[in-house]
2 protein chains.
Amino acid sequence: MLTQTIVNRLKEILGEKNVVTDKIGMYAYGYDATLLSGETIGIVFPTTTEQVVQLVKYMNEQNIALVPRGAGTNLSGGTIPTDQTVVINFQRMNKILEIDTENFVAVVEPGVVNFDMQQELNKKGFYYPPDPASFKASTMGGNLGECSGGPKCFKYGVTRDYVLGLEVVLPNGKVIQTGGRNFKSEPGYDLTRIIVGSEGTLGLVTKMIVRVLPMSPAKKTMLAIYHKVEDASQSVADIVAAGIVPTTLELLDNLLINSAEDACHAGLPRDAGALLIIEVDGQPEDMDAQVKTIEENCKKANVREFKVARTAAEVDQLWLARRIVIGSVSRIRPSYSLQDITVPRSTFPQAVSGILKTAKDFDLKIGIMAHAGDGNFHPLVIFDQRNEEEVDRVHKAEKSMCELALGLGGTMSGEHGIGLLKKQYLGLEFKPITIDVFKKIKRSFDPTNRFNPGKITDI
Amino acid sequence: MLTQTIVNRLKEILGEKNVVTDKIGMYAYGYDATLLSGETIGIVFPTTTEQVVQLVKYMNEQNIALVPRGAGTNLSGGTIPTDQTVVINFQRMNKILEIDTENFVAVVEPGVVNFDMQQELNKKGFYYPPDPASFKASTMGGNLGECSGGPKCFKYGVTRDYVLGLEVVLPNGKVIQTGGRNFKSEPGYDLTRIIVGSEGTLGLVTKMIVRVLPMSPAKKTMLAIYHKVEDASQSVADIVAAGIVPTTLELLDNLLINSAEDACHAGLPRDAGALLIIEVDGQPEDMDAQVKTIEENCKKANVREFKVARTAAEVDQLWLARRIVIGSVSRIRPSYSLQDITVPRSTFPQAVSGILKTAKDFDLKIGIMAHAGDGNFHPLVIFDQRNEEEVDRVHKAEKSMCELALGLGGTMSGEHGIGLLKKQYLGLEFKPITIDVFKKIKRSFDPTNRFNPGKITDI
């Protein structure tokens, strides 16, 4: 618990309303989007870099560590407060400082919501490619901390590919600038990208310079429905082999089609084995040829039905199911655990079989969705958290799926980070010597473990 | 000098012919593509990772540091041996281990020449986007160490965007794997990208997993000739503002047009103020519309002549001048110094004026070429190294151009690294606290300064 003296000083630094120490507040900020929870001793909401600097220095004096947080949509427990830590919430540093369309650059504070950013960019004919499923709530800073991806990664890459430069408050309270306004602005060691994906353990990002792109002049969205999930996965391989690089290749299996359909009545076929939402973008002149090639390849893989959305409303309709599917499973069972395993695309069919086998082995319901072009699966394990024995099977299945991905030459975490949740599996993916390098990097930035202690790795 | 005992042991580890200690060899490896030189005490050519490990351990025992090197095309002195160091040359680790077109992945040893890699990929309909001007000689490992770019960066990014995973021998002789076969294979701290661009100061890369792309089905190459360099720079802004993202926007000014023409007789107009080589790629259906938009925008900026290459031979002809221009200036003066300043694209005209002013201020001939889309200039300062007073003016001009770029919000080094040459200017671009972070990273990997000591920063 924070003493009244500390609370008073925090209020001096941050303003009365930017310090929360009541029980309900502290309870609320003990959670993120995982099943984990922790206890914080207070929540602070800085509004300027200078406040962050003062706060960091003061917390150092008091020997209190900070847990940075955006919207708390984190899926690996990266924003769960560990013991006796203060949550530093960046949601009130939410200004879009600049949109520079000449240089394809935007400058934002970390608390800007991804969706709000997209809206402002769209007005100027631009967009920011990384758009995780959480993008209506999640913040640019949170996306940075986890190196978030999203449906468009296959063609456009992940957060790391769009962060050009940063303002970072270090654990000693000093401020550095990394990178710049140009994707070539990174001589010396790549400080920008060591911060991206570091889950707030190395520095607190107070400003981001990101690369934005002009919106493509044309886009086509398609829905391919399959009898069998194996056919859908064959289509993915065939489309890519035909030289098409779609922006999006999203897969949902039968369990998740039905769950989404229950919730949103989008008119999806409940007896389908799987569906793919396929999107391509580019110049208007080349849309028809690409759609034709995709349709031919889907037919080759026994597609049951192939539709092209003709209107913006139809596009929204196709995306609706994908966007709501995670929440929809709460109609089936009260709890879910969303995995993030990623495999080389060519091993997609083996990964599907492996996930189905895991469901059977541990007698669990597991829905399969995937950013199929990236080989990035989000198996959705559905269960009841109140049933301890079932929770135990869920954890065993999680570990089994991590091993599955690693066995296929993949990774246990494609875009959700390590956090607290996957720290226990770090040794499955990395050799001790590599984890030792992680620790050395952490210690070189944060020798006294001030920022987000216990995440990614202990030191 | 190495003792005979050490030479004998090195020969045991690496094989007789992979250890060079004769005077001529040592002289040759004292240089790279800068004006700098140093003295090595021996050159070793490992052929396997295991040899690198044994070598690193043995050199540790002997307290001798290593300077890694590929083809030595380095433009910032990053491969210049500093005192009492052994050069470790990776040119004999030159196997392409795998080309996996299903997953868009290639696995190579660091000594593979970029051009050789492209040839093998092309046979399978693929390519590796980073292709620095040196690509016919420079190695994949060297490109990685400098985070090389090339003409296609504006659309496709730099080396960092294509390295997926690495095998790295650390200064303690341990081997780590970073990343994987997928662009999402990087949970935890981004070890891959802290190694990319680190100029061999943190670890020795012995294997690279890189992302390769299918060759675009169509490409168009254009030549736009201008009366004035200002008009060419206006075209760059206008083309991009029209929503076109060319793969290439290469600029040459009058001085370099004439220099190239003297050397290769490509038929370029000697009285032109500047030219742009413009290339777009994509689907065949969208080429005409893009070429038309580009032509319209060039005309708007008073283009004097606009040509589209109609045959592969014509494309080669257009590229010839650009590819040979650097060497060609030796006909004007015997020495050159190639700069690498990079600015936000919108400040391109100010940067051009600033470079012209620098030439005047220091009474030097400076040819301007640029990857114009990236705002990355390679001003080519032409002089005579034997004239000490002139060399002094060259150095002053170099510093002045670094300051110019930084004043415009850019960087002193877009794609050539820091090395030895720009270490002296590090403080112009970075605050002491940032340089301190560089040092901490270096020390966390290499506390006893074993790998490429004195490059980027001293510790």
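This is a predicted model: local features need pLDDT of at least 70, side-chain atom pairs count only at pLDDT 80 or more; totals for chains, interfaces and linings use all residues.
**The interface**

The size of an interface is often given as the accessible area lost when the parts come together. Between chain B and chain A, the buried area is about 6000 Å², and carbon and sulfur atoms give 60% of that area. In terms of residues, 67 of chain B are in contact with 67 of chain A.

The interface of chain B and chain A holds 6 salt bridges. In one salt bridge, the side chains of B:E415 and A:K184 meet at 3.0 Å, N to O. There are also 26 residue pairs in polar contact between chain B and chain A, with both residues at pLDDT 80 or more. On the side of chain B that touches chain A, the largest share comes from helix 15 of chain B, with 9 residues. The residues of this side divide into 26 nonpolar, 22 polar and 19 charged.

**Aromatic pairs**

Over all chains, the structure holds 20 aromatic pairs. Two of them are set out here.

| Pair | Type | Centre to centre | Angle between planes |
|---|---|---|---|
| A:F438 and B:Y189 | edge-to-face | 5.6 Å | 85 degrees |
| B:F348 and B:F377 | stacked | 4.5 Å | 25 degrees |

A:F438 lies in helix 15 of chain A and B:Y189 in the loop between strand 9 and helix 7 of chain B, so this pair joins two chains. Both A:F438 and B:Y189 are buried.

B:F348, in helix 12 of chain B, and B:F377, in strand 19 of chain B, are 29 residues apart, and their pair links distant parts of the chain. Both B:F348 and B:F377 are buried.

One aromatic cluster is formed by A:F104, A:F126 and B:F154.

Terms used
Residues are numbered from 1 along each chain as its sequence is written. Chains are lettered from A and ligands numbered from 1 in the order in which they are written. Side-chain values use heavy atoms; hydrogens and water are left out. Contact means heavy atoms within 4.5 Å. Buried area is the accessible area (1.4 Å probe) that two parts lose on being put together, summed over both. A salt bridge is a side-chain nitrogen of Lys or Arg within 4 Å of a carboxyl oxygen of Asp or Glu. A polar contact is a pair of N or O atoms within 3.5 Å; within protein, one must be able to donate a hydrogen and the other to accept it, and residues adjacent in sequence count only if both atoms are side-chain atoms. Helices (H or I, at least four residues) and strands (E, at least two) are DSSP runs, numbered from the N terminus. Ala, Val, Leu, Ile, Met, Phe, Trp, Tyr, Cys and Pro count as nonpolar, Asp, Glu, Lys and Arg as charged, and the others, Gly among them, as polar. Rings of Phe, Tyr and Trp (its six-membered ring) pair if their centres lie within 6.5 Å; planes under 30 degrees apart count as stacked, over 60 as edge-to-face and the rest as tilted. Buried means under 20% relative accessible area, exposed over 50%, partly exposed in between (1.4 Å probe, protein chains only).
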